[in-house]
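Take a look at the model below.

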Amino acid sequence: AEQFRSSLSGGVYCINLGDLVYNYMTAYDDYIDAAAQIKCPTFNVIGNHDFDQTTLFDTALGNMYFETYINIGRIHFVVVNTIMYDRKKADARYGYGLDERTMRWLENDLSFVPKDRVIVACSHGQLFKRRGDSPNGSHGALQRHYKEYRDLLAQYKEVYSWSGHYHDNFQYNYKGRGEKWGADNIQCITVSRCTGALRLNEYLNSNGTPQGYMVVDVDGDDMSWWYKSVGKEKDYQMRVYDPSRDAQGYVQVNIWNYGDCWSVPEWWVDGQKVADMEYHPCADPDYLETYAKVTNKTTRKYCAPSESCDIFRVKPAPGCKGGEVRVKDQFGNEFVSSITW
C-alpha cells in the first residue's frame with residue numbers, strides 16, 4: 001500500500017473498514033505505527049474484533065480503547081459503528097445496526113447536508129444487503145433502527161454503503177429491483193480481508209480473492225472503484241484455470257470483484273467470441289491447494305474454503321488449447337485474461 005500510495009498524486013485518503021487489532025487491545029499502538037507508513041489521512045471503522053470483549057452488556061463501554069486511539073466537493077462521508085455488543089448474556093452473539101446515540105447523531109449530521117448530495121456510509125457490518133440475503137428481504141432489515149436509517153438515506157442522490165467483516169467481496173445495487181427493504185439510490189459494497197484468509201494470512205482469502213484493497217476514485221460527485229491486488233496492476237481482476245483443474249473439464253474463472261452491474265464474462269478463442277460463461281460458484285482451485293497444506297485443526301476450522309465465489313465456467317471445444325476471458329465492470333473497464341494448456 002505504501003508503494004502504491006507513492007505512485008499517486010492529488011488528494012489521497014485511506015479508510016479501514018474494521019478489525020484493526022483482532023481482540024488485542026494493546027496492539028493499537030502498533031496499528032497506528034503501521035498505518036502511518038502509508039503517509040495519508042486514514043479514517044477507521046470499529047470492527048467486532050476492536051471492542052474490549054471483557055466489557056459485557058454495553059456497546060459504548062466496549063469501544064473505549066478504539067476511541068482513545070482513533071480520531072475519527074460533493075460527496076459526504078460518514079463513519080458509523082454497526083456492531084452492537086449490548087447483549088443480555090455473555091455467551092450471546094453481538095448484534096448489528098445503529099444504536100440510539102449513533103442514529104440520532106446521523107440524523108443531526110445529515111440535517112446539514114443537501115438532499116442532492118452523494119453519501120458514502122462506512123461501517124464494519126453492512127448497513128444493507130450482504131451476500132446470501134433473499135431477494136425479498138435483507139439481513140439489514142433485522143438490524144437496529146434499520147427502517148429509520150434506510151428512510152433517512154433514501155432521500156439523497158446516491159448512497160454507497162461500504163463494509164468489511166464478511167471476508168469476501170460483494171457488490172449489490174438496489175436500483176430498479178423494487179425490493180421491499182432497499183431503495184433505488186443505494187449500492188452496497190463489501191470488501192474482503194486485506195490480509196488473506198482468517199488465521200492463515202496467506203496470499204488468498206478463503207474464496208480465492210488475493211490479498212489487497214479497494215481503490216476508490218472520486219471526481220465531483222462521481223465515484224468509481226477497483227480492487228488492487230498486492231503487487232499487481234489494475235488489469236489483474238481475475239484468475240483463469242485450465243480444464244485440468246476441474247473434474248469435468250471446464251475452463252473456470254474467478255472474478256473476485258464481480259458485481260451485479262458487470263457484464264456476463266465471455267469465452268473467446270482465436271479472436272472470436274465462442275460463448276457466454278455460466279455462473280457456477282464453487283471453491284477456488286488455488287485456495288484448495290493452499291488449504292490442503294494447513295495442518296492445524298483450529299486454523300483449518302477458521303479458514304475453510306468458501307463457495308461464495310464469483311466463479312464462471314465454460315466447456316472448451318474438443319481440441320481447443322486455449323482462449324481468453326473478457327468481462328467489463330460497471331464503469332465500462334474491460335478486463336482480459338488468457339489461458340493456454
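In this predicted model, four strands make up an open sheet, ordered β12-β13-β17-β16. Their pairing is antiparallel. Which strands stand at the edges? They are β12 (239–241) and β16 (278–279). Each has a single partner strand, so one side of each lacks a neighbour in the sheet.

Now go to the pairing of β13 with β17. Strand β13 covers residues 251–254, and strand β17 covers residues 311–314. The two run antiparallel and are joined by four bridges. Here Gln 252 has Arg 313 of β17 opposite.

Next, the helix pair. Helix α5 spans residues 100–110 and helix α6 spans residues 146–153. Their axes come within 11 Å and cross at roughly 10 degrees. Angles under 35 degrees count as roughly parallel, and α5 and α6 are therefore roughly parallel to each other. From α5, the contact takes in Met 103, Arg 104, Leu 106, Glu 107 and Leu 110. From α6 come Glu 148, Tyr 149, Leu 152 and Leu 153. Sorted by class, the contact of α5 with α6 holds six nonpolar residues, three charged residues and no polar ones.

Last, helix α2, residues 28–36. Its buried residues are Tyr 28, Tyr 31 and Ala 35.

Terms used
Residues are numbered from 1 along each chain as its sequence is written. This is a predicted model: local features need pLDDT of at least 70, side-chain atom pairs count only at pLDDT 80 or more; totals for chains, interfaces and linings use all residues. Side-chain values use heavy atoms; hydrogens and water are left out. Two strands pair if DSSP finds at least two bridges between them. Axes are lines fitted to C-alpha atoms, for helices over the stretch in contact, and angles run from 0 to 180 degrees between N-to-C directions. Angles under 35 degrees count as roughly parallel, over 145 as roughly antiparallel, 65 to 115 as roughly perpendicular and the rest as oblique. Contact means heavy atoms within 4.5 Å. Ala, Val, Leu, Ile, Met, Phe, Trp, Tyr, Cys and Pro count as nonpolar, Asp, Glu, Lys and Arg as charged, and the others, Gly among them, as polar. Buried means under 20% relative accessible area, exposed over 50%, partly exposed in between (1.4 Å probe, protein chains only).
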